[in-house]
Structure formats: structure tokens, C-alpha cells
Amino acid sequence: MMSSTTTDTASSVDVVLIGGGVMSATLGAFIRQLQPDWSISIFERLDNVAEESSDAWNNAGTGHSALCELNYTPQLADGSVDISKAVGVNESFQISRQFWAYLVEQGIIANPRDFITPVPHMSFVWGEQNVSFLRKRYEALSAHPLFAGMEYSEDPAQMAQWMPLVMQNRPAGQKLAITRSLNGTDVNFGALTRLLFGYLASTPACTLHTKHDVQDITRGSDGRWRVRVQDLRLNTQRTVSAKFVFIGGGGGALPLLQKTGIPESRGVGGFPVSGQFLRCKNPDIIAQHHAKVYGKASVGAPPMSVPHLDTRVINGQRALLFGPYAGFSTRFLKHGSLMDLPKSVRGNNLGAMLAVARDNWALTKYLIQQVMQSNNDRMNALRDFVPDARPEDWELVTAGQRVQIIKQDAKKGGVLQFGTEVIASQDGSVAALLGASPGASTAAPIMLTVLKKCFADKLPEWEVKLKTMVPSYGQTLANNPELCTQLRDKTTDVLKLKD
């Protein structure tokens with residue numbers, strides 16, 4: 001666990017990073033490599049870093065690469081499967097892999113197995129219609145260089161080899177199909193976050209403050225930002241002046257963005273969704289399954305509610321989760337306040353939020369049904385994946401909060417967005433990251449977006465270094481099969497992703 005590493009009280013710095021999660025950690029690592037002379041102050045409200053959405057138990061750890069997540073490949077009206085989103089998500093994850101490999105090569109991360117492990121990714125469906133969809137999805141994806149090596153089967157004997165726990169005592173006669181990719185990973189984003197902050201805190205002119213709550217962000221007459229921070233240990237306040245502020249506080253980012261008063265924050269709202277998982281308590285069952293097996297989401301479910309039976313590797317120990325079961329809370333953070341949602345409502349975003357409430361009845365109904373579920377209902381959902389599942393082998397755990405973005409829309413009044421978005425001031429002096437999935441998996445490309453939006457004048461100077469850290473920088477792997485294969489092989493080797 002990492003707590004406050006400094007008593008430094010610098011009143012003026014180059015960069016303030018708000019939030020002790022993977023986003024701030026990743027941006028901090030980029031900046032430290034690109035501009036070693038800049039001073040950085042990091043503020044986290046909780047006792048330690050990586051205790052909210054970055055914590056291993058608060059996210060799926062899938063290393064979202066669209067190898068198994070069916071929500072990234074919608075079926076169109078003509079029956080074809082659109083793989084464009086999947087290609088974009090996978091490309092983003094390859095950028096994260098390249099950056100992590102660079103950190104390993106530089107000795108910043110000593111052992112990649114401390115945070116990333118090879119775990120097969122599988123998509124599993126049943127029923128004639130779903131099997132037809134998965135076959136079309138496989139045909140479209142397997143022809144693409146980013147998805148090379150994907151396998152497909154409708155043979156129950158083959159499936160029993162790939163996922164014995166799922167096939168054990170499964171009713172005969174079901175029409176089943178599966179895809180498998182051995183390029184899949186499990187990522188402990190909590191461990192990665194702690195490794196990155198450990199590196200940052202060891203460098204000059206970088207200070208990490210836990211138990212420090214950012215209460216206000218205002219602009220001074222000199223153009224610099226005044227960040228008012230409360231030390232929750234000493235119950236004292238101070239103000240830090242910064243040239244650049246990044247708000248990476250997960251669900252807590254929206255209220256802080258609103259405090260900046262920048263025009264870009266107007267009309268933006270948030271809709272919180274919580275998640276729960278069943279966690280296996282029986283080591284014998286955990287040992288029978290080694291894969292991330294994703295199914296199809298039910299009608300009306302938000303994208304991050306795709307059901308999955310998920311092998312995790314957390315602090316060297318295998319674990320097995322099933323879910324998520326969605327829930328609703330007005331908190332924006334797991335350790336937040338029930339007043340988070342009401343306090344986020346403004347005159348400029350009320351119309352958009354009401355429009356979203358009007359137009360998303362299917363989602364509202366889904367969340368109500370999820371909240372009302374009994375343990376028996378949850379076990380029945382699990383038995384679609386583990387036919388022999390017994391209640392005594394599983395326990396319910398609460399995962400992190402996710403806040404979906406609500407934005408104004410000329411036609412609808414407001415729309416609910418599933419994804420992540422960087423909102424920055426026109427001059428690039430402040431930026432916030434809002435949204436949820438694919439989130440942590442794409443931290444590196446998202447932070448490259450922050451650098452492009454906020455430090456455009458520095459990019460020419462940084463370009464050579466950026467290409468060292470991310471060799472595909474400025475290129476698209478999807479259009480360059482040779483480079484795609486070369487870099488995937490290299491990162492697989494450096495990150496020790498061969499079993």
C-alpha cells in the first residue's frame with residue numbers, strides 16, 4: 001500500500017494531478033519522461049492510491065482489447081457485423097502495451113508479471129441466432145491483423161477442452177459457439193498504478209499527497225490555476241498554483257470540472273452505475289477455469305454489464321468472478337457521497353439530464369430489475385455459464401462506481417454516452433477525463449490525447465521521445481500488418497506474455 005510520501009508544501013508547481021488512479025499515474029509517467037524538469041504535485045483523497053476504480057476488485061481487469069467483448073461488434077440491420085469499434089479498442093490497447101513494455105525496458109517496472117498475466121479471452125453464445133452472429137463476427141475479425149490467431153468452434157468436445165467448468169454437465173442439445181484468443185491478458189490496474197506512482201514519487205520535484213481532498217479549482221488573474229486542497233489528516237487547507245491541472249478523479253472528476261467554470265464544462269452531466277460480482281470461494285472450482293469468457297448483454301443493459309466468467313490474477317493469486325450485476329447509487333465514487341448526483345445538477349445540464357431520463361427507459365427498467373434481484377436470480381444467471389454452480393461456493397462483492405457521460409444534443413436535448421472523453425479548456429491549461437469503459441485499458445492512448453490537446457506546442461519537441469515510448473505513435477497498426485505483428489511480438493516478449 002502506498003500512502004503519502006512527502007510533507008512538501010510547494011505553493012507553485014508546473015503540474016497538478018488530481019486523483020490517485022491509473023489515469024493520473026499514466027499521465028505523470030509520460031510527463032516525467034518527456035519533461036523531467038517539470039515539478040508535479042499529486043493529490044488523492046483516500047488513504048492510498050488505486051483504491052477506487054483502479055483497484056483490482058473494482059474493475060474487470062480484462063485488458064479490454066475487443067477479443068471477447070461482444071458489445072464492441074454490433075450486428076447491423078443487414079446482418080453484417082461492424083468491427084470498427086473493436087479495431088479501435090484493440091489498437092488503443094496495443095498502445096498501452098507498447099508504453100508498458102517501454103517502462104519495463106527502462107527498468108521503471110522490474111517485473112511485468114506484477115501487473116499483467118496471459119489469460120485466454122473467449123466469447124461464448126447459445127441459440128441459433130447468437131451462433132450465427134458469433135460466426136459472422138469471427139469471420140470479420142479473424143481476417144484483420146489485430147485479431148490474428150483467433151479460433152472458432154461449435155464442437156462441444158473442443159469447448160470442453162477450452163473451458164471445462166462451463167461445459168461440465170451442460171444440458172445436451174444446446175446450439176453453442178465459442179471464439180478463443182490466446183493473445184488475451186488479465187491486468188491488475190491497481191498494481192500497475194502503485195508501480196507508476198512509486199516511480200514518480202522517487203523522482204525529483206514530484207510529490208504525492210494522500211488524504212488530501214481538492215475542494216476548489218479557480219483561475220487566477222495570471223492565468224494559472226489555484227487548487228485549494230484540504231489535508232484530511234491535519235485538517236488544514238492550502239492553495240497550490242499550477243500551470244496545468246489534470247482532473248483524473250474517476251467519478252469525482254465531473255464536480256471538479258464544473259468548479260473550473262470553463263465553457264467546455266457546460267451542459268455536461270453524469271449518470272452513476274454501480275456493479276456487483278459473485279466471487280468464487282472454492283479453490284477447487286477456481287482451479288478448473290482459466291479464461292475470460294464473455295457472453296451477450298441482455299436487452300437494455302449498459303455496455304459494461306456484459307456477463308462474464310472471469311479468471312483474475314491478483315497479487316499472484318488466481319481468483320474467479322462472475323458478473324457484473326448492475327446497481328444504482330447516487331454516489332459518483334465507491335467512497336463518495338449520496339449527494340454526488342444531486343449536487344452535480346446545474347441549470348446548464350438539467351435539460352440534457354432530463355432528456356436522457358426520458359429516452360433511456362430500457363436502461364432504467366434494467367437497473368430496477370438488477371437492484372431487485374434475489375441471490376437465487378443471480379445464481380440462475382451464473383448457471384448459464386457454470387451449470388453446476390452452488391450458492392455456498394460464491395459470495396457477492398461490490399465493485400467500483402462508473403459515471404457515464406451525459407451531454408447536450410441538438411436533436412434529442414441530451415444523450416447518454418458510453419465510453420471515455422477528455423474535456424479540456426481551449427488553452428489546454430486544464431483537462432478532465434470523464435466516462436467509463438474501456439477506461440483503464442486505454443489509459444496510455446487517452447493520455448496521449450491529453451498531451452495533444454493540452455501541449456500542442458511541445459509535441460514537435462517531444463516527438464522523437466514519444467516514438468521511443470510508443471513505437472507506433474503517429475501510425476495506425478490496423479493499416480500496417482507488418483508493424484502490427486512486429487510490435488505485438490515484441491510487447492509479448494518484453495511483458496512475458498507467453499505461458
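The largest nonpolar core holds 62 residues, and Phe30, Phe99, Trp100, Phe246, Leu451 and Leu466 have the most contacts inside it. Such a core is a set of buried Ala, Val, Leu, Ile, Met, Phe, Trp, Tyr and Cys residues joined through side-chain atoms within 4.5 Å; buried means under 20% relative accessible area, exposed over 50%, and partly exposed in between (1.4 Å probe, protein chains only). Apart from this core lies another, of 37 residues, among them Ala253, Leu341, Met353 and Val403.

The model is predicted: local features need pLDDT of at least 70, side-chain atom pairs count only at pLDDT 80 or more, and totals for chains, interfaces and linings use all residues. Residues are numbered from 1 along each chain as its sequence is written, and side-chain values use heavy atoms, without hydrogens and water.

**Exercise 1.** Find which residues Leu451 touches, not counting residues up to four places away in sequence.

Step 1. Contact means heavy atoms within 4.5 Å.
Step 2. Leu451 then touches Leu27, Phe30, Ile31, Leu34, Ala456, Leu459, Trp462 and Leu466.

**Exercise 2.** Classify Val345 as buried, partly exposed or exposed.

Step 1. Val345 lies in the loop between α9 (340–344) and α10 (350–359).
Step 2. Val345 counts as partly exposed because its relative accessibility is 35%.

Definitions and conventions: Helices (H or I, at least four residues) and strands (E, at least two) are DSSP runs, numbered from the N terminus.
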